[in-house]
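Let's walk through this fold together, one question at a time. Have the model open as we go.

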Amino acid sequence: MTVRRGGPADVAALAGLRGMGEGQLEAYGKWVVAHAETHLPFVAEVGGEVVGAAWLHIAERVPGGGSLDRRFGDVQSVEVREEHRGRGLGSALMAAILAEARSRGLMHVTVHSGRRAVDFYLRNGFTHHRQMLLWEP
């Protein structure tokens, strides 16, 4: 298994993991390139084939508290092909994302998880936070 930063060369594999059809590939590729500074893909490969991916969205908070740099991260779209689950690929992807967050000096990293994945994120160092609130229209 290899985990690495993804990029434009991985667009077809990333699109496949997201369930994007052939007719959406070009637009998806343009989106990946246009968001390259804020949405960082990481891919997990087995035998040279991309079988998993996770994204780190980097965003900025309004400067305050004496700091101009208040960047944070949000984990998005963690996916591992079903036949490769349970082998540590998801945890390896999370380790790569959190290492990137540390190297960029991000304030914190959030994740909006489905119920089934909560234990996965807890095992990978995330905690429940009582101040996180959600509004949905």
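Quick ground rule before we start: the expected span of a helix is 1.5 Å times one less than its number of residues. Also keep in mind that this is a predicted model.

Q: How far apart are the end C-alpha atoms of helix H3, residues 89-103?
A: H3 has 15 residues, so at 1.5 Å a residue it should span 21 Å. The distance between its end C-alpha atoms agrees with that: 21 Å.

Q: Which element gives the most residues to the largest nonpolar core?
A: That core has 20 residues, and Leu 56, Val 75, Ile 97, Val 109 and Phe 126 touch the most other members. E2, E3, E4, H3 and H4 each give two or more residues to this core. The top contributor, with 6 residues, is H3.

Q: What separation do the C-alpha atoms of Arg 61 and Phe 72 have?
A: Leaving aside neighbours within four places in sequence, Arg 61 is in contact with Arg 70, Phe 72 and Met 107. Arg 61 and Phe 72 are 11 residues apart along the chain, and their C-alpha atoms are separated by 7.5 Å.

Technical notes. Residues are numbered from 1 along each chain as its sequence is written. This is a predicted model: local features need pLDDT of at least 70, side-chain atom pairs count only at pLDDT 80 or more; totals for chains, interfaces and linings use all residues. Side-chain values use heavy atoms; hydrogens and water are left out. Helices (H or I, at least four residues) and strands (E, at least two) are DSSP runs, numbered from the N terminus. Contact means heavy atoms within 4.5 Å. A nonpolar core is a set of buried Ala, Val, Leu, Ile, Met, Phe, Trp, Tyr and Cys residues joined through side-chain atoms within 4.5 Å. Buried means under 20% relative accessible area, exposed over 50%, partly exposed in between (1.4 Å probe, protein chains only).
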